[in-house]
Amino acid sequence: TNIAEVSLRVDGVSAVIDVGLEWVRLFDSKSHSYRVVLVPISQTSALRRAKRAGLVRHGQCMRLYTLSAFKELCPPDRAPDILCSDLSEALLILKSVGVDDFASFKFPTPPSSDALAGALSRLHALGAVLANGRLTESVGSRIAELPLPPHLARALIAGEARSVARQVAGVIAMMEVSQSLFTAGSNRRAAWDMFSVGEGDSITL
């Protein structure tokens, strides 16, 4: 479990069951959205989990995978976030401060050329950059100023132009909530029905 990797000390824990897997949020360049996938943990994470078992007293870590699986399937370290994320927002910020040559820019971990090209393509589709890669003043510069992902910032700007900025801001706020707002258990369906409308999920929000 990922809980075994946190730095917080949990008293009374002397055993850790390590399944060798973790849920990771990855950006899918084909669907232009994030998805959560189950992948093998890194060898560093496995060692960190084992240390949690004996943090406060003598303990043991039970790994539900073989030594060969540890060596062959588990990468040495977890992939950096920059390789798992959408680069659109980062490139937009760099462009807003005058950086245009991403090929020579010194990223902490250089992303692939396909990832950079895909991010620029998404920014172009939003109207944030021109075909030549230059930042647009009417849209791109404004998106860069908003503390939102580019596609949500673009929706807010479009909502302002149509005099529905308040309604769009409400939808965006709900979309940015990472946890469920509705009660778990038997009352969850009833709570959802109080707000749902037939026009779709976005209008329901």
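The structure is a predicted model, in which local features need pLDDT of at least 70 and side-chain atom pairs count only at pLDDT 80 or more, while totals for chains, interfaces and linings use all residues. Residues are numbered from 1 along each chain as its sequence is written, and side-chain values use heavy atoms, with hydrogens and water left out.

The chain holds nine helices and four strands; here helices (H or I, at least four residues) and strands (E, at least two) are DSSP runs, numbered from the N terminus. Read from the N terminus on, the order of elements is β-β-β-α-β-α-α-α-α-α-α-α-α. Of the 205 residues in the chain, 27% are buried, where buried means under 20% relative accessible area, exposed over 50% and partly exposed in between (1.4 Å probe, protein chains only). Among contacts in the chain with a separation of 6 or more, 55% join residues 24 or more positions apart, contact meaning heavy atoms within 4.5 Å.

Pockets come next. On a 1 Å grid over the protein atoms alone, a pocket is an open set of points where a 1.4 Å probe fits, with protein on both sides within 12 Å along at least five of seven lines, and lining residues have an atom within 4 Å of a point. Grid points are joined across faces, edges and corners, and a volume is the space filled by probe spheres set on the points. The largest pocket has a volume of about 590 Å³. Its lining counts 21 residues, and Arg25, Tyr34, Asp86, Pro149 and His151 are the closest to the centre of the pocket. Two or more lining residues come from each of strand 2 (21-28), strand 3 (33-40), helix 3 (88-96) and helix 6 (150-161). By class, this lining has 10 nonpolar, six polar and five charged residues; Ala, Val, Leu, Ile, Met, Phe, Trp, Tyr, Cys and Pro count as nonpolar, Asp, Glu, Lys and Arg as charged, and the others, Gly among them, as polar.

The second largest pocket has a volume of about 300 Å³. Lining this pocket are 18 residues, with Val24, Leu26, Arg78, Ala79 and Cys84 nearest its centre. Strand 2 and strand 3 each supply at least two residues of the lining, and strand 2 gives the largest share, five residues. The lining of the second largest pocket divides into 10 nonpolar, three polar and five charged residues.

Now to the packing of helices. Two packed helices are described by the angle between their axes and the distance between the axes. Helix 3 and helix 4 (residues 113-125) pack at about 75°, with their axes 9 Å apart. The two helices are therefore roughly perpendicular, a term for angles of 65 to 115 degrees. Axes are lines fitted to C-alpha atoms, for helices over the stretch in contact, and angles run from 0 to 180 degrees between N-to-C directions. On the helix 3 side, Ser88, Leu91, Leu92 and Lys95 meet Leu116, Ala119, Leu120, Arg122 and Leu123 of helix 4. This contact involves six nonpolar, one polar and two charged residues.

Pro150 belongs to helix 6 and is buried, at 5% relative accessibility. Pro150 and Ser88 are 62 residues apart in sequence, yet 7.0 Å apart in space, C-alpha to C-alpha. Leaving aside neighbours within four places in sequence, Pro150 is in contact with Ser88, Glu89, Leu123, Leu126 and Ile143. Asp18, in strand 1 (residues 15-18), is buried because its relative accessibility is 0%. Not counting residues up to four places away in sequence, Asp18 touches Ile41, Ala46, Arg49, Cys61, Met62, Arg63, Leu64 and Tyr65.

Finally, some loop residues deserve a look. His32, in the loop between strand 2 and strand 3, has a positive phi of about 55° although it is not a glycine. With a relative accessible area of 47%, His32 is partly exposed. Ser163 lies in the loop between helix 6 and helix 7 (165-175); this residue, not a glycine either, has a positive phi of about 60°. Ser163 is exposed, with a relative accessible area of 65%. Gly98 sits in the loop between helix 3 and helix 4 and is exposed, at 54% relative accessible area. Gly98 and Arg134 are 36 residues apart in sequence and 10.0 Å apart in space, C-alpha to C-alpha.

Terms used:
Parallel < 35°, antiparallel > 145°, perpendicular 65-115°, else oblique.
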